[in-house]
Amino acid sequence: MRKGKIAEMKAVFWTAVVAGLLFAGFGASNSALAAFKVGAKKCQECHTAEAKVWEGTKHFKSYKAIHKDKRAKKIVKAVGDKRMKKSKTCALCHYTAAQKDAGAKVKLVSGPSCESCHGAASDWISMHNDYGKGVKRDGESADHKAARIKNAIAAGMVRPERLFDVAANCMSCHGLANPKLDAKAAAAMLDNEHPLNPDFELVKYSQGSVRHRFYPPDVTVNKEMTAAEKSQMYVIGQAAALVSATMAASKSDHPKYKAAQDKRIANAKAALDLIKGQVPEAAALLSDPTPANGRALGEAVKGKDLSGAVGGKLPKDYK
Ligand code: HEC
Ligand code: HEC
Ligand code: HEC
Ligand code: HEC
């Protein structure tokens, strides 16, 4: 092989490595290293109703505002960065860093968006809605559908019916629990008034401005949850909080951080205690708070009405 050719190949190789590392720095919450975010504009092409809801949320509106906030400027300095939009620490939770395609430059395109909750989409976007060549939704076989969903999940899609995993993404940001956030940065943020609300509760935070439930048969209606559905979501949110806070608690000894994670754990335990007699998976999660046990609880509560046990804990109003 020509020398020039080898050098060229090496250059290509290193460009790919560096792009991979840069991406890892910005971080998708839970997908493979090679997967990247494509940005909400892509999703909007088909999911117009969901995108419209998102545009009314703080997640969307924050993008134009938060870096100008006085507290933000102080917090950025405290972690050793100059500007919020240039800070990899802030980008972990405040921004969506997307790419046009593999190897393209990583750019901040919005605040938290579709893929912050549903997973970086590069590897699943074209398969998650693919019913097969020439086949429409109604004509898809059950086997094809099952394989499509399974493959999309394997490629990093966080689907709504796997609500524990969606909730785990909320907790990663709202519990300051992202594993890529280092302990020193977390401490500096909290010393400079960065909020950490240990009472973040999934029903309260997801059924107000964030709610998008345009499920068939009438996909034009953003449906409210029934009391039974809220009770399931409440339990799943507490399960995700317990797993998240347990993992985060060992990150840092900073008193504020510790106290907040301990409060999250105490809240979640109190909630899960209410159903552990009724749902054995809750007892299993309480004694061993792992993601696998959280997911199992998420499956176990499907279709159940737990409002007798947790109805009194459901929020009266929403964020
Ligand atoms: C080309 C059109 C198209 C694009 C682009 C697209 N989707 Fe979809 N999406 C669909 C269709 C159609 C379905 C329904 C699939 C089915 O019938 O199971 C769907 C299903 C979903 C679901 C599961 C809904 C449910 O009922 O369980 C989620 C979540 C989702 N899309 C998110 C996204 C996100 C996030 C993006 C952008 C990264 C995106 N989609 C881009 C067409 C699209
Ligand atoms: C691990 C996730 C995470 C990281 C990293 C993070 N934030 Fe936040 N930040 C949040 C969340 C979640 C909220 C909203 C908290 C709430 O409303 O309870 C928030 C809120 C804020 C607020 C208050 C906004 C308001 O409307 O009241 C400021 C200011 C802020 N962050 C600045 C920063 C800066 C600057 C950085 C980078 C140094 C940063 N954050 C890093 C998750 C994070
Ligand atoms: C803050 C996290 C979050 C963001 C941001 C988010 N979603 Fe969702 N999404 C959820 C949750 C939670 C559900 C489950 C709702 C339910 O079943 O109650 C869901 C459900 C869905 C569904 C199925 C319900 C429906 O409306 O058809 C689709 C499709 C979907 N999301 C697409 C999107 C798209 C597209 C975007 C961006 C424009 C987006 N989501 C942004 C959390 C989020
Ligand atoms: C990628 C990180 C991230 C994820 C994932 C995330 N959020 Fe957020 N969320 C934020 C940040 C950052 C803010 C604060 C923005 C600001 O104040 O400017 C916020 C603000 C909010 C607010 C507005 C709160 C208020 O007091 O006005 C709600 C509601 C909310 N998030 C709900 C959710 C729910 C529910 C989920 C999961 C289904 C979720 N978020 C997932 C980062 C995230």
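Modeller: This is a predicted model. Take Arg148: an N or O atom in its side chain is 2.9 Å from an oxygen atom of ligand 1.

Biologist: What makes that a polar contact?

Modeller: The cut-off for a pair of N or O atoms is 3.5 Å. The Arg148 pair is at 2.9 Å, so it counts as a polar contact.

Biologist: Which nitrogen contacts does ligand 1 have with His47 and His128?

Modeller: A side-chain N or O atom of His47 is 2.8 Å from a nitrogen atom of ligand 1. For His128, a polar side-chain atom also lies 2.8 Å from a nitrogen atom of the ligand. Both residues are among the closest of the 21 that surround ligand 1, along with Cys43, Cys46 and Tyr131.

Biologist: What is the make-up of that shell?

Modeller: The residues divide into 11 nonpolar, 4 polar and 6 charged. Helix 7 gives the most, with 3 residues.

Biologist: Now ligand 4. Why is the arrangement around its iron atom called octahedral?

Modeller: Six donors count as octahedral if opposite ones are over 155 degrees apart and all others between 65 and 115. Here 6 donor atoms subtend angles of 85 to 179°, which makes the arrangement octahedral.

Biologist: Which donors come from the protein?

Modeller: His59 and His174, each through NE2, lying 2.0 Å from the iron atom. The pair links distant parts of the chain: His59 is in helix 4, His174 is in helix 9, and they are 115 residues apart.

Biologist: Why is His59 called partly exposed?

Modeller: Buried means under 20%, and exposed means over 50%. His59 has 27% relative accessibility, so it counts as partly exposed. His174, at 32%, therefore counts as partly exposed too.

Biologist: Which polar side-chain atoms lie by oxygen atoms of ligand 4, at Ser62 and at Lys319?

Modeller: One of Ser62 lies 2.6 Å from an oxygen atom of the ligand. One of Lys319 lies 3.2 Å from an oxygen atom of ligand 4. The cut-off is 3.5 Å, so both pairs count as polar contacts.

Biologist: How do you know where ligand 4 lies relative to domain 1 and domain 2?

Modeller: Domain 1 (1–157) and domain 2 (163–179 + 196–319) both give residues to its shell, so ligand 4 lies between them.

Technical notes: Residues numbered from 1 in each chain as written. Chains lettered and ligands numbered in written order. Predicted model: local features only at pLDDT ≥ 70, side-chain atom pairs only at ≥ 80, totals over all residues. Heavy atoms only, no water. Near = heavy atom within 4 Å. Polar contact = N/O pair within 3.5 Å; in protein donor to acceptor, adjacent residues only side chain to side chain. Helix = DSSP H or I, 4+ residues; strand = E, 2+ residues; numbered from the N terminus. Nonpolar A, V, L, I, M, F, W, Y, C, P; charged D, E, K, R; others polar. Donors = N, O, S within 2.8 Å, 3.2 Å for Na, K, Ca; no water. Tetrahedral: all angles 85-135°; square planar, octahedral: opposite > 155°, others 65-115°. Buried < 20%, exposed > 50% of the residue type's maximum accessible area, 1.4 Å probe, protein only. Domains from an automatic or database assignment.
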